[in-house]
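Here are my notes on this model, point by point. Please keep the structure open beside them as you read.

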Amino acid sequence: MRGLVHLAAALDLPGVFDGGAFTALARLAERGGLDFVTLDDSFARPGPDALGVLCRVAPATRRIGLVPTVTTTHTEPFRVQAAVATLDWVGRGRAGWRIDVSVTEDEARLFGRRPTAPADALWREADEVADVAARLWDSWEDGAEIRDVAGGRFLDGDRVHRVDFTGTGFSVRGPSTVPRPPQGHPVRVVDATDAHACAVAARHADVALVRAASPAQAAGVRHRLREQARAFGRDPDTLRVLVSLLVDLGDGEHAAEPGHGGGGPRPTVHGPLYRGGPVDLAELVASWHAEGVTDGFHFVPVEPRRDLERLVNGTVALLQHRGLFRTFYPGSTLREHLGLARPANRYAVSGAPAVSRRAS
């Protein structure tokens, strides 16, 4: 018997800088029990910093996972991992990190450090950043903070480990400045649409987002990602593969264009688009999940406020009624929502006082 479907949604509000608007959408998604929400970000367009916005949203929510996009290009890997770890602390174990790269020359000019590079090189760098981030999250063992005021000891030095990492374009010496996050490792999310991103998703991601307009296409992508994860030495069952769909729920059940609604998504230049009503969308989710072609869905509303409300009050409610989606959060962390274990600390297991790593 298959488990419950996983559901997530995007909070993107182009041109909006009011933190309250993002908080209201996150609370709506939380009322529906969604696993997590994403907030996109890019140096290529104006908008608020996604990680900063979700740090504002975190204290105003209780259970829903919070996943900002943070690029690994033109950013310092040490600061990126520390910022994501901070979000996990602020959110009490609900942080994720959607890993992305910055590919345009305009973005490179904003920093002036280096010209842009080909996508394959940028994703190789992202692979290294994801690797060193996990090492830095592990650089503090659980219980390393003693906080013994009377004895004058704040840390157990034997439980804090130096990390010497040399990549192709950067080097990092730990330990992190932030204690190990509540989840051990915040959940790493990768959009595996780009062929260059697939290896990073298979090696490091807890959640891979894929674009698919049919069950057969979704099944093929999911199978390839799981096999690639296995080739990297991972248990493929530790990778959740979610189909990312644009959704337009403004036309109602009987106004769906051919190929939409009950007929399924239609390919567009922006990705597969579902246009129809909440009932037909619930049928699509139930059908694809029953066929085992996906672990769940990541919805990107065309009209954020309207479509997210119809998702929660319509699609999600129907899936809950059919026993396909939870009616409450059984745990408190994003890893628990996704059915993922908290990673063991590699240094505590090995007992190594320091680890050096050089990219091959």
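1. Start with Val-293. Its relative accessibility is 6%, so Val-293 counts as buried. Buried means under 20% relative accessible area, exposed over 50%, and partly exposed in between, with a 1.4 Å probe and protein chains only.

2. A word on the source. This is a predicted model, where local features need pLDDT of at least 70, side-chain atom pairs count only at pLDDT 80 or more, and totals for chains, interfaces and linings use all residues. Residues are numbered from 1 along each chain as its sequence is written, and side-chain values use heavy atoms, with hydrogens and water left out.

3. Where does Val-293 lie? Val-293 is in the loop between H8 and E13. Helices (H or I, at least four residues) and strands (E, at least two) are DSSP runs, numbered from the N terminus.

4. Which residues does Val-293 touch? Leaving out residues up to four places away in sequence, Val-293 touches Pro-215, Ala-218, Ala-219, Arg-222 and Trp-288. Contact means heavy atoms within 4.5 Å. Ala-126 is another matter: its C-alpha and that of Val-293 are separated by 27 Å. Along the chain, these two residues are 167 residues apart.

5. Now take helix H8, residues 278-290. H8 has 13 residues and reaches 18 Å from its first C-alpha to its last. That is close to the 18 Å expected at 1.5 Å a residue. The expected span is 1.5 Å times one less than the number of residues. Gly-292 follows H8, and its phi is positive, near 75°.

6. The buried residues of H8 include Leu-281, Leu-284, Val-285 and Trp-288. An α-helix has 3.6 residues a turn, so residues three or four places apart point the same way. Among the packing partners of the buried H8 residues are helix H7 (215-231), strand E13 (296-301) and helix H9 (304-321).

7. Helix H1 covers residues 19-31 and has 13 residues. Its buried residues include Phe-22, Leu-25 and Leu-28. They pack against strand E2 (36-39), helix H2 (50-57) and H9.

8. Finally, step back to the chain. The chain has eleven helices and 14 strands. Buried residues make up 54% of its 360 residues. Among contacts between residues at least 6 apart in sequence, 75% join residues at least 24 apart. The C-alpha trace spans about 70 × 50 × 40 Å along its principal axes.
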